[in-house]
Amino acid sequence: MKKTLIILAFFLMFILAWALPYFKDLRDQGLTAEIAYAYFFGRPDHIFDPKDAVPQLDYSKESSWASLPKIKDEADLIPLGEVGINQINSKVDVFFVHPTGYLKGNYWTDPLDEESATKENTRWMMANQASVFNGCCSIYAPRYRQASIYSYFGSDKLRDEIHSFVYQDVKKAFEYFIKNYSNGRPFIIASHSQGTGHSIRLLAEEIDGTNLYPRMVGAYIIGGEISKSWLKKMDDISICDSPDELGCFVHWDTINVKHIDMNMQRYKNNICVNPVTWKNEGTLSNLNDARGAVHVSGNFSIDFGRDDDPKGETFGPLEAPIMHYVQAQCKDGILFASDQTGTRFQGFGGSNGNYHGLDFALFYMDIRENAILKVNTYLEAND
């Protein structure tokens, strides 16, 4: 019996020695112990095989889009007191690539169930992220076979394999958008998190150096980290450094300012544009310059079980913006924003001060008004 216990103790020590680096990596990403637990016990129990994925969506069908100008959807929501445009007659379009909402371990990619918590999460993204652009533009947001959250917790090779497969959906949707919806109009590329990983590829491979680039008003590809190494792959597209600069892109990853002195090496080569000042890097923004945060509408389902049944979530209306709410500063590749402890925004902030879930909410009106400014600047220059 004693010998068995000794063997068991050594076995447990081996498991902990193997597992702790993974938990540390998850912690550094601002993820919770619940996600760490899910990593070990909830991830798919099979290797990734593209043949296991459901067929690619047909983007000629309205059901393949989370948002279209001619259908009523959550991207039409407008903060109280603000106004939107008539998306049917808009002069500029937005192609929005949504972030990860598939948090299940049944498959490596979203099975695209019509009635699911995952689809409700996509609607949450339309309500609280894509809607920021309905003050300037028509919104086109494709559904796609998004990668499961578990794709981020494995090896780089596995993640790259899955995301390269998924990117083909985004590329196909963008090609359909350009050929069948855009009709030669100028456009904006916008995204968050996983969508940003796909969007930077769109910029580099499908837009930069092509006849589409002159039509690109700009790009808001936010959250999920973008390395400066991407700049070496593009000749035309660069980082924005002023509010009305055209043909460039902005990016930031938000963290609680209380962590500003932490040494986060993983962000050292990350791109950061301040969404209050619209400067690449730069000093702390002035509180009076903050255009307004908007509280999140509805619940995002953070459930790592196998069950993907819908929760019956509804979204909207959006509340009035909170003016002069947040200060922000880019430092070492990170956007440090005002502490949200004890506020209604706190629930969408991750552990270790990670405000990934607040990349849009804290700067909702800053993004909205800047997109309007860029569109007007572009239209005046190309009248």
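A search of the whole structure, which is a predicted model, finds four cavities of 30 Å³ or more.

Reader: How much space lies in the largest cavity, and which residues lie nearest its centre?

Author: The largest cavity holds about 80 Å³ of space. Its lining of 15 residues divides into eight nonpolar, six polar and one charged. Those nearest the centre are W124, N128, V296, F360 and A361.

Reader: Is H198 buried or exposed, and what is its relative accessible area?

Author: H198 is found in helix α5, which spans residues 194-207. Beyond four places in sequence, H198 touches Y144, H163, V166, Y167 and V170. Buried means under 20% relative accessible area. H198 therefore counts as buried, with a value of 2%.

Reader: Which residue's side chain is joined to that of N256 by a polar contact of 3.0 Å?

Author: N256 belongs to strand β7, residues 254-256, and is buried at 5% relative accessibility. Leaving aside neighbours within four places in sequence, N256 is in contact with F336, A337, D339, Q340, T341, G353 and Y355. The side-chain partner in the 3.0 Å polar contact is Y355.

Conventions: Residues are numbered from 1 along each chain as its sequence is written. This is a predicted model: local features need pLDDT of at least 70, side-chain atom pairs count only at pLDDT 80 or more; totals for chains, interfaces and linings use all residues. Side-chain values use heavy atoms; hydrogens and water are left out. Helices (H or I, at least four residues) and strands (E, at least two) are DSSP runs, numbered from the N terminus. Buried means under 20% relative accessible area, exposed over 50%, partly exposed in between (1.4 Å probe, protein chains only). Contact means heavy atoms within 4.5 Å. A polar contact is a pair of N or O atoms within 3.5 Å; within protein, one must be able to donate a hydrogen and the other to accept it, and residues adjacent in sequence count only if both atoms are side-chain atoms. On a 1 Å grid over the protein atoms alone, a cavity is a set of points where a 1.4 Å probe fits but cannot get out, and a pocket is an open set with protein on both sides within 12 Å along at least five of seven lines; lining residues have an atom within 4 Å of a point. Grid points are joined across faces, edges and corners, and a volume is the space filled by probe spheres set on the points. Ala, Val, Leu, Ile, Met, Phe, Trp, Tyr, Cys and Pro count as nonpolar, Asp, Glu, Lys and Arg as charged, and the others, Gly among them, as polar.
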